[in-house]
Amino acid sequence: MFNKRTKIKRLLEGDKANFETTVMGWVRTFRNNQFIALNDGSTNNNLQVVANLGLLDDATMKRITTGACIKATGEIIESQGKGQRVELKASAIEILGDSDAEKFPLQPKKHSLEFLREIAHLRMRTNTFGAIFRIRHSLAFAVHKFYNDRGFVCMHTPIITGSDAEGAGEMFKVTTLPLDGTAPRNDDDSINYKEDFFGKSTNLTVSGQLEGELAAMSFSDIYTFGPTFRAENSNTTRHLAEFWMIEPEVAFNDLEDNMNLAEDFIKYIIKYAMDNNADDLAFLAQRLEEEEKQKPQNERSEMGLIDKLKFVVDNDFERLTYTEAIEILRESNHNKKKKFQYLIEGWGTDLQSEHERYLVEKHFKKPVILTDYPKEIKSFYMRQNDDGKTVAAMDILAPGIGEIVGGSQREERLDKLLQRMEEMHIPVEEMNFYLDTRRFGSCPHAGFGLGFERLVLFVTGMTNIRDVIPFPRYPKSAAF
RNA sequence: UCCUACUUAGCUCAGUUGGUUAGAGCAUCUGACUGUUAAUCAGAGGGUCGCUGGUUCAAGUCCAGCAGUGGGAGCCA
């Protein structure tokens, strides 16, 4: 069997030595014509493969370049040098794939994240991106584990949707009609989508929530975890055109249950990564620390990455209402000294990023759950509170990231829902499938959406969302 | 989409008030050395200064437009 090999992670973690084994991986560096730092992606740490002088002929030696793929067989021994506990004393080395050193763009040195973004197909071979994507995997696994352990059903909601009224953002159109102007037309010259593949106008989903609610009305506890698409022309460090979202929806939950679920969930998956990706997190923490040293004193963060994660896991999130938040902001010295670009004056407008950052990073210094927003600035499906002014919404704001969760208790009362839909000009006739949940056995329920990449950002300490998804999609960019 | 900064070698960056042949470190190549840790030492090659136009005797440097990238804002997860 060709693939008879041991993963480097196992060899480095094992406490045995003096046994024969085979490894395969990619060369990170080749020092002194003898020492190969080999990485197979199973861990951030390299295995030192020692090719004693005379083992390799000159021609083979020249082919051991940064990026080349090799197979090495030999004995695992205690290292004679410092810097590693064990090493592989090679008895045979085979080149599986050459890598032209003049053309391979990765060097054994620090590269800028901007440069690596241009070679996203190769950046996974760096320590930083290796760590990021192993952590991303752990977090994804922990998402399923968390919900599975609690008896939730994973629902695969559609990616192509015929519903035009999700209202969560600009949509990408899905069509097989020709784009050269020859598409079939209606009498009024609009495109005749009855002739299209699905017989109607379709888009990529911007949220699985509505379908999630349908499923919660039969399984009680469900969650979705899938790709989501927004065609907004957003150019920021925290938006993608294609991102992954987790949307639990739970029958019989009210807003408080919803908050408890979200807080437990976030803490659980962060803890999971801390328990299972200690090496990768330590590497990223160190990377971040070095980056912080470049900053002026007053811009440096108070906690290291690991301490920050531990703090989030060990402490309760701060919970307060929108109205209370407005009071805190209005009374803050920051506001009185007019340091906000948008000064807090009245009740009813949405908070700006600077306000959210002030609450999370300056005032409370921990994740914050804001609840009970004015109904005017929130979606039609959120449950109206008895005060007639607010809805049972909740947003979770995380330090450095901003909004990481948006959710609410849903409006289960048909008449109230219809009234809001009318006020907000939602086309009722297209939403009958959704309204049926309220017509047939409606019940109180609640749910939220968590942007997976924003969570990965938070856990890895990275600052640009384009660096925590393997192949980011954003305006003017769909390479690879 | 708006504001703002940036764009010079494969990478990271210098480049003075506009002035002769545009520099450095790393990487690459050649050689030396051989228990190295982003190895070290010596030498060599490598540039349409983002693109287009303008001002000028002369533009990497000044001006305009366009493009790309970073940061911030909006929209949101």
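Trainee: Of the atoms of RNA strand B within 4 Å of the protein, what percentage belongs to sugar or phosphate?

Mentor: Keep in mind that this is a predicted model. Sugar or phosphate accounts for 47% of those atoms, and bases make up the rest.

Trainee: How many residues surround RNA strand B, and which are the closest?

Mentor: There are 50 of them, and the closest are Asn32, Lys82, Thr236, His239 and Arg454.

Trainee: Which side chains have a polar atom close to a base oxygen of RNA strand B?

Mentor: Asn33 is one of them, with a polar side-chain atom 3.3 Å from a base oxygen. Asn235 is another, and there the distance is 3.2 Å.

Trainee: And what does the backbone of Ile404 do with RNA strand B?

Mentor: A backbone N or O atom of Ile404 sits 2.7 Å from a sugar or linking oxygen of the RNA. As for elements, those giving two or more residues to the surface near RNA strand B include strand S1 (19-31), helix H3 (113-118) and S15.

Trainee: Which element gives the most to that surface?

Mentor: That's S15, with 4 residues.

Trainee: OK, what does S15 pair with?

Mentor: S15, residues 402-409, runs antiparallel to S14, and 6 bridges join them. For example, Met394 has Gly407 in S15 as its bridge partner.

Trainee: How many residues lie between the strands in that hairpin, and what phi does Gly400 take?

Mentor: There are 3 residues between S14 and S15, and Gly400 has a positive phi near 85 degrees.

Trainee: Which other strand pairs with S14 over 6 bridges?

Mentor: Strand S13, residues 368-374, also in the antiparallel sense. Pro374 has Thr390 in S14 as its bridge partner.

Trainee: Is S14 mostly covered or mostly open?

Mentor: Mostly covered, with 9 of its 9 residues buried.

Trainee: Switching topic: how many cavities of 30 Å³ or more are there?

Mentor: The count is 1, and the volume of the largest cavity is about 50 Å³.

Trainee: Which residues line the largest cavity?

Mentor: Ile404 turns up again here, and the lining also has Ile266, Ile270, Val312, Phe317, Pro367, Ile396, Ala398 and Phe458. Helix H6 (255-276) and strand S14 (390-398) are the elements that give two or more residues to that lining.

Terms used:
Residues numbered from 1 in each chain as written. Chains lettered and ligands numbered in written order. Predicted model: local features only at pLDDT ≥ 70, side-chain atom pairs only at ≥ 80, totals over all residues. Heavy atoms only, no water. 1 Å grid on protein atoms, 1.4 Å probe; cavity = no way out; pocket = protein on both sides within 12 Å on 5 of 7 lines; lining within 4 Å. Points joined across faces, edges and corners; volume = space filled by probe spheres on them. Buried < 20%, exposed > 50% of the residue type's maximum accessible area, 1.4 Å probe, protein only. Pairing = 2+ DSSP bridges. Near = heavy atom within 4 Å. Polar contact = N/O pair within 3.5 Å; in protein donor to acceptor, adjacent residues only side chain to side chain.
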